[in-house]
Amino acid sequence: MNAPDSHPQGTLTIGRRFTFEAGHRLPGLPVEHKCSRQHGHSYEVEVILTADRLVPPGFITDFADLAPFKEFLDEELDHRNLHEVLPVEPTSELLARYLAEWFIGHVEPHIPGRLQAVKVSETARSWARFDVEGT
């Protein structure tokens, strides 16, 4: 048993899920492939954060401080055709990397935690995850 003031060594991680609805198609696929046609998804995006130490009252990052990411998803991606708003092909893999890049540039400088990964799910059974190197 640990003494009252000692803590086990380890890493603390938090995650927050966000959702948005959007359409896309993957024109690089053969015409007979269903994803080459316009279709939509109820996307779920999870950001995973870590930190070397906690800030008062014991947070990696206050979940409320992630609001700018939710605002970005709502204003720029929700109910859009992703081909019209993304600078990359809208695969789950490239979307996860794009969202990680946006988060690192716009949210991470203002929070104590650092982004470890972004996970994008198109359906309840399929997802892609981008892990940030060095975290």
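This is a tutorial dialogue on reading the features of one predicted protein model.

User: Before we start, what conventions apply to this model?

Analyst: The model is predicted, so local features need pLDDT of at least 70 and side-chain atom pairs count only at pLDDT 80 or more, while totals for chains, interfaces and linings use all residues. Residues are numbered from 1 along each chain as its sequence is written, and side-chain values use heavy atoms, with hydrogens and water left out.

User: How many helices and strands does the chain have, and in which pattern do they follow each other?

Analyst: Helices (H or I, at least four residues) and strands (E, at least two) are DSSP runs, numbered from the N terminus. Here the chain has three helices and five strands, and along the sequence they follow the pattern β-β-α-β-α-α-β-β. The C-alpha trace spans about 65 × 30 × 25 Å along its principal axes.

User: In what order do the strands stand in the sheet?

Analyst: Two strands pair if DSSP finds at least two bridges between them. In this model the five strands form an open sheet, ordered β3-β1-β2-β4-β5, with mixed pairing. At its edges stand β3 (80-81) and β5 (126-131), each with a single partner strand, so one side of each is left without a neighbour in the sheet.

User: How many bridges join β2 to β1, and how many join β2 to β4?

Analyst: Strand β1 (residues 12-24) and strand β2 (residues 39-51) are antiparallel and pair over 13 bridges.

User: What span does α3 reach?

Analyst: The expected span of a helix is 1.5 Å times one less than its number of residues. With 15 residues, α3 reaches 21 Å from its first C-alpha to its last, close to the 21 Å expected.

User: Which residues of α3 are buried, and what covers them?

Analyst: Buried means under 20% relative accessible area, exposed over 50%, and partly exposed in between (1.4 Å probe, protein chains only). The buried residues of α3 are S92, L95, A96, Y98, L99, A100, W102 and F103. Their cover includes β1, β2, α1, α2 (82-85), β4 and β5. Across the chain of 135 residues, 35% count as buried.

User: Which residues have the most contacts inside the largest nonpolar core?

Analyst: In soluble globular proteins, nonpolar side chains tend to be buried together. A nonpolar core is a set of buried Ala, Val, Leu, Ile, Met, Phe, Trp, Tyr and Cys residues joined through side-chain atoms within 4.5 Å. The largest one here has 30 residues, and F20, F69, L77, L95, L99, F103 and V118 have the most contacts inside it. The elements giving two or more residues to this core are β1, β2, α1, α3 and β4, with the largest share, seven residues, coming from α3. As an example, L99 is in contact with V45, F69, F72, L73, L77, V118 and V120, leaving aside neighbours within four places in sequence.

User: What does the side chain of S92 make a polar contact with?

Analyst: S92 lies in helix α3 and counts as buried at 9% relative accessibility. Its side chain makes a polar contact with the side chain of E122 (2.9 Å). Not counting residues up to four places away in sequence, S92 touches V120, E122 and A128.

Methods. Contact = heavy atoms within 4.5 Å. Polar contact = N/O pair within 3.5 Å; in protein donor to acceptor, adjacent residues only side chain to side chain.
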